[in-house]
There are 2 protein chains.
Amino acid sequence: MSSDRRPETLYFEDMPVGFRSATGSVTVDAEAIKEFAARFDPQPFHLDEVAAKTTFFGGLAASGWHTAALTMRLLVTSGLPIAGGVIGAGGDVQWPRPTRPGDRLTVVSEVIAAKPSNSRPERGMVTVRSETLNQNGDVVQVMTARLVVPRRPTALA
Amino acid sequence: MSSDRRPETLYFEDMPVGFRSATGSVTVDAEAIKEFAARFDPQPFHLDEVAAKTTFFGGLAASGWHTAALTMRLLVTSGLPIAGGVIGAGGDVQWPRPTRPGDRLTVVSEVIAAKPSNSRPERGMVTVRSETLNQNGDVVQVMTARLVVPRRPTALA
């Protein structure tokens with residue numbers, strides 16, 4: 001049911017329930033995992049291969065926030081060209097398994113709810129469920145986010 | 001009801017419902033906001049003061065994922081010295097207002113649920129609600145995270 005031609009810019013009217021989108025990919029190496037962790041999540045299992053072996057993760061793993069940040073990068077640069085930007089009010093994030101060194105991540109998204117704003121006729125709220133997959137198709141993150149999406153100007157009465 | 005003396009290392013038994021914790025602080029400048037955005041959330045309102053003026057945010061704002069990552073840093077380095085580390089299975093994140101250049105962030109956390117694992121007697125799941133506040137006491141993020149927390153070894157039969 002997806003259209004063959006993707007609009008260059010997405011407005012609320014372009015993102016009904018069931019609208020699907022996929023991003024390009026990004027590969028994460030051990031250096032990037034450690035660099036992110038040193039800044040934002042300095043724990044042994046994100047910083048050092050040897051120290052990580054005896055932890056919960058059993059080996060070097062990316063911070064969940066690194067996976068989330070890379071997911072955002074993919075959505076912004078190749079996934080959801082929303083007019084006005086990808087602006088989230090919040091949402092739910094789950095990490096069923098960690099991102100590992102060498103993983104190639106891609107994101108597939110689907111709109112699961114869409115509601116025009118009552119108070120702001122120029123906007124709507126769109127709920128998008130985004131799965132971040134590694135190169136094996138394993139899900140490393142599921143995010144359900146509420147996005148602020150402008151309505152198409154011509155759609156306003 | 002908080003104890004005067006904080007344990008050096010927190011086990012499941014140290015984190016009952018109502019347990020509270022606060023972190024140190026971190027200040028975010030415009031350069032850090034732009035640097036994070038360039039890597040993970042390259043949108044005008046996170047990258048450029050002038051371009052940001054005409055956007056939803058009305059001025060330069062940190063990516064929500066930057067606020068989340070800084071919150072994690074504070075929790076890991078000064079907030080929750082959990083045995084085995086701060087390991088989240090996922091949770092809910094809300095950004096009621098953005099982090100702005102110059103903001104000084106701190107995090108206050110409270111345990112809102114704690115449940116021993118049925119399948120893994122050496123662990124429990126602890127649900128922590130963490131508010132990230134700026135220097136004015138405004139809430140820039142509310143995160144409710146489910147953490148994997150080891151039980152104190154001596155508490156096992």
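Helix α4 (residues 64-79) of chain A meets its counterpart, helix α4 (residues 64-79) of chain B, with axes that come within 10 Å and cross at roughly 170 degrees. Here helices (H or I, at least four residues) and strands (E, at least two) are DSSP runs, numbered from the N terminus. Axes are lines fitted to C-alpha atoms, for helices over the stretch in contact, and angles run from 0 to 180 degrees between N-to-C directions. That makes α4(A) roughly antiparallel to α4(B), a label for angles over 145 degrees. This is a predicted model: local features need pLDDT of at least 70, side-chain atom pairs count only at pLDDT 80 or more, and totals for chains, interfaces and linings use all residues. Residues are numbered from 1 along each chain as its sequence is written, while chains are lettered from A and ligands numbered from 1 in the order in which they are written.

On the α4(A) side, the touching residues are Trp65(A), Ala68(A), Ala69(A) and Met72(A); α4(B) brings Trp65(B), Ala68(B), Ala69(B) and Met72(B). Contact means C-beta atoms, placed from the backbone, within 7 Å.

Then there's the sheet: 10 strands, open, with antiparallel pairing, in the order β1(A)-β3(A)-β4(A)-β5(A)-β2(A)-β2(B)-β5(B)-β4(B)-β3(B)-β1(B). Two strands pair if DSSP finds at least two bridges between them. At the edges sit β1 (20-27) of chain A and β1 (20-27) of chain B, each pairing on one side only. Neighbouring strands are turned by 20 degrees against each other on average, direction ignored. As for α4(B), this helix lies across β2 of chain A and β1, β2, β3, β4 and β5 of chain B, at about 120 degrees to β1(B).

Technical notes. Angles under 35 degrees count as roughly parallel, over 145 as roughly antiparallel, 65 to 115 as roughly perpendicular and the rest as oblique. Two residues are in contact if their C-beta atoms, placed from the backbone, lie within 7 Å.
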